[in-house]
Amino acid sequence: MKTILKQINQNRYFLLFVLLFAYLQSIHIRIIIRRTLDAYIFTPEAAVATFISACILFFVMDFFIKNWKKSSTFSIADILKIFSSSLLTYLLVIKIIGFMISLAFGAVEKNFNKEVAILSTFSDLIGGFIYGSFFLAYRYYKKNTAYQKQLALYHQALSDSKINQLKAQLNPHFLFNNLNILDQLIEEDKQKASDFLNEFAEIYRYVLDVSDKKIISVEEELAFAEKYFKLIQYKYGNVYSLKVNHSEASGNIIPLSLQLLLENAVQHNIGTFANPVLIIIDLNHKITVSNNRLPKRNSKKTSGRALNNLIEQYALLTDQQVEILKTENEFSVIIPIIPA
């Protein structure tokens, strides 16, 4: 009983639609037949009887679907087989019920003579076709909705897995680059190397903290980027400089985005005290990280893996795309701000 009540509650809007349709259908038929408008036209007993008959049909169709349908999708063959078998079974059940009621009230001759039997069978067949079509459409809709939800969950899980893979690629890259800087500083200036190591430990703690996050606030990422740039200056001094044009930019970005773009600018350009590389971060409705181009001579061609990694992460999280603008004198990357 609890299962039936649960089913009724889950499908209450569909059942209400069927009842309303049956009621409007009964009004329409009575107006056509009687060609008059009175109180009897609006009485609900015919609609209730049709509704009960439709529920019997739904039960029959549900039985055949559960027992015959093996795959998760509807095929034409499945629909024809289930629909025709359900209609025949429904007609048989309705006739048996009708015969038993007529027998109980002594009205078998009146209700089961040839003319009445043909008309009632035709009427039941048309009704069964209409309400059976409603049921199949409703079942298909529910099945499709459930499938779409499963598909969305699958894509979400796939996106999460892909993002984690991409982050796993970046973290060793970050660690390797900074350990190289530390190695060089140890040979040049042990005190500076010690200071660098202390700051690097604090920064890497942040890297570990955000490694399992998809997004982080712009403010947090900007503060981290400014700290990270100080590490760069431990090695290069003021041949690289950073300027941040502040504005009230709220929202989120992918963790380590700005750090990656700062690193990208340093990796591909070489500055001097006379002609430094100036990196500018503009905060607005988007974030633009740009730098003047001073390409390194005889530098090895890089794969651009880190930048492609960032582009892929944004593609998985938002419809907005990362933009790359390159001229003879300037290189810019525009990253979208993800709404909070």
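The following legends describe close-up views of a predicted model. Local features require pLDDT of at least 70 and side-chain atom pairs pLDDT 80 or more, whereas totals for chains, interfaces and linings use all residues. Residues are numbered from 1 along each chain as its sequence is written, and side-chain values use heavy atoms, with hydrogens and water left out.

**View A. Salt bridge between Glu45 and Arg30.** The closest N and O atoms of this pair lie 2.7 Å apart (salt bridge: a side-chain nitrogen of Lys or Arg within 4 Å of a carboxyl oxygen of Asp or Glu). Glu45 belongs to helix 3 (residues 45-68) and Arg30 to helix 2 (residues 12-34), 15 residues apart (helices, H or I, at least four residues, and strands, E, at least two, are DSSP runs numbered from the N terminus). Arg30 is buried, with a relative accessible area of 9%, whereas Glu45 is partly exposed at 40% (buried: under 20% relative accessible area; exposed: over 50%; partly exposed: in between; 1.4 Å probe, protein chains only).

**View B. Salt bridge between Glu323 and Lys286.** The N to O distance is 3.0 Å. The pair links distant parts of the chain, with Glu323 in strand 6 (residues 323-326) and Lys286 in strand 5 (residues 286-292), 37 residues apart. Glu323 is partly exposed at 32%, and Lys286 is partly exposed at 24% relative accessibility.

View C. Leu231 has 0% relative accessibility and counts as buried. Its C-alpha atom is separated by 7.3 Å from that of Phe200, 31 residues apart along the chain.

**View D. Salt-bridge network of Asp62, Lys66 and Arg139.** These three side chains are linked in a network; the structure holds 6 salt bridges.
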